[in-house]
Amino acid sequence: MAGGDAVFGARGAHADDFLGAEIGADEGQAADPGGQRAAGLKEVFAGFHVALQGKTDAQHKHEIQQHDDPVDKGQVRMAQGRALQMLGEPTPKFTLLSGLATRPVLRENISRLSAGRVFAEVLLAVEKLTWAGLKWTQNATAPVEPGKLEGMIPTLEWTPDGVRFLDQTKLPLEETFVVATTYQQVADVIVTMVVRGAPAIGVSAAMGVALGARQTEAETTEEFAPEFERICDLLAGTRPTAVNLFWAIDRMKALFAKLRTEGAALAQVKQAFVDEALSMYDEDIAACKIMGAYGADLMPNEGGVLTHCNAGALATCGYGTALGVIRGAVERGKRIHVFADETRPFLQGARLTAWELMADGIPTTVLCDNMAASLMRQGLIQAVVVGADRIAANGDVANKIGTYAVAILAREHGIPFYVAAPWSTIDRATATGEQIPIEERPAREVTHHGGKQLTPYGVGICNPAFDVTPAKYVTGIITERGVLRAPYAESLSAMELVVS
Ligand code: MRU
């Protein structure tokens, strides 16, 4: 790359200019394509430093330490880990990105968004610079302008009236919304899969807790405490496999415990719950975008990518995990054709993945679940990427029923099998996939379709919603902290250390 300063000189030196910048192919071609990615990034970061702050690392560190908000601190750690990985730095001396993530100037320019989201935007902008530089070495033309794949379907949203959900049971034929005004209604929409997908379930539950606090007739925090437990228990009982649900509820519990210790008034508790749920929402989108950036490298420059179920914007607060990786690849100019397993019995692939990818103009073909082997044999699939509901400490992955079969097929055909999931899906307290609870869904999902009975009366039915793919079939796990490789027990521990 020609140099960070040169890039910034062309772009202007202000954070808001930079965030708003679209990096065009021409600028990329003017850059030195021989430069290595890490070296290029180093220069870009140096450019940031000079152009935006002119401060020393020590000053940045000091600035970061001023942030009391644990979410900000968490994001700062994430930023440090990411920067270190990209730069291959052996010591945690690189704090520039962290400083950027929490700088008030950036926060002002992107109102309401958490530091994590701001960080993701900065990171993506940085990566776009690098991608632009690399573009012509990849010899790919971009069918989609960088940054154009928003993937921002309004899956769930906190509103003054309650939590608004896009009703996924009705898609793709009807785009209707339901508004949950009570935590009991939130529990209901999770059970009935109006909202589904592990990260979306987690954030929904957090918003449910916030609604529960809003509903209470208690007058003090202490009076509210037993009710808080009941709210958490009801929400935790909705779906057993997606660990993000428990992760989100535990986070609300930790917040409540802290507020109680501090003697916070109930009004403060109510507001803090809303703020926490909104932070989770923003962090989820940020994590998806970062996963998209990491995972894009792993996708073929051209060819078929198979996915199972829906791990997209509809399963998260936006952009998606597995579909975020596909979006990231397409945004970089990779010519991807998605093959979406229909995903019996709830048809998340046929109804939801197909719908949201088509909305983004990504070429998509739906296949019945039993067709994947044949397509792989014909050489139509170059990679598989799926989401996860829970990843055990040894790297075993629980995901939608049928994922295990896809993983075995991929191995047989020599096709890489990737899992994309946020860190909140990793459950290091569960040693192996054997211990992951698998949800059994109602038989009617199998016996009926569109209100019509498909099977004879009285026949035996099984309907496990998930299966476990042993770690040995997983080529890599894409997280917002980086890409994990086998042996997963070790790489998980190492990744945890890098960012904490
Ligand atoms: O039963 P669902 O539709 O909630 O199952 C969803 C999945 O299996 C997804 O792959 C998983 O939750 C990851 S979503 C980013």
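Helix 12 (residues 221-236) packs against helix 13 (residues 243-261) at an angle of about 175°, with the two axes 11 Å apart; axes are lines fitted to C-alpha atoms, for helices over the stretch in contact, and angles run from 0 to 180 degrees between N-to-C directions. Helix 12 is therefore roughly antiparallel to helix 13, a label for angles over 145 degrees. Contacts (heavy atoms within 4.5 Å) join residues including F224, F228 and L235 of helix 12 to residues including L245, I249 and F256 of helix 13. By class, the residues of this contact are 11 nonpolar, 1 polar and 4 charged. Helices here are DSSP runs (H or I, at least four residues), numbered from the N terminus.

The model is predicted: local features need pLDDT of at least 70 and side-chain atom pairs pLDDT 80 or more, while totals for chains, interfaces and linings use all residues. Residues are numbered from 1 along each chain as its sequence is written, and side-chain values use heavy atoms, leaving out hydrogens and water.

A second pair is formed by helix 11 (residues 198-215) and helix 14 (residues 266-296), whose axes come within 8 Å and cross at roughly 165°. Helix 11 is thus roughly antiparallel to helix 14. Among the residues that meet are V203, A206 and A210 in helix 11 and F273, A277 and Y281 in helix 14. This contact comprises 13 nonpolar, no polar and 3 charged residues.

Turning to the ligand, 18 residues surround it, the closest being R196, R239, Q348, N399 and K400, where a heavy atom within 4 Å is required. A polar side-chain atom of R239 lies 2.8 Å from a ligand oxygen atom. For K400, a side-chain N or O atom is 2.7 Å from an oxygen atom of the ligand.

Key:
Helices (H or I, at least four residues) and strands (E, at least two) are DSSP runs, numbered from the N terminus. Angles under 35 degrees count as roughly parallel, over 145 as roughly antiparallel, 65 to 115 as roughly perpendicular and the rest as oblique. Ala, Val, Leu, Ile, Met, Phe, Trp, Tyr, Cys and Pro count as nonpolar, Asp, Glu, Lys and Arg as charged, and the others, Gly among them, as polar. A polar contact is a pair of N or O atoms within 3.5 Å; within protein, one must be able to donate a hydrogen and the other to accept it, and residues adjacent in sequence count only if both atoms are side-chain atoms.
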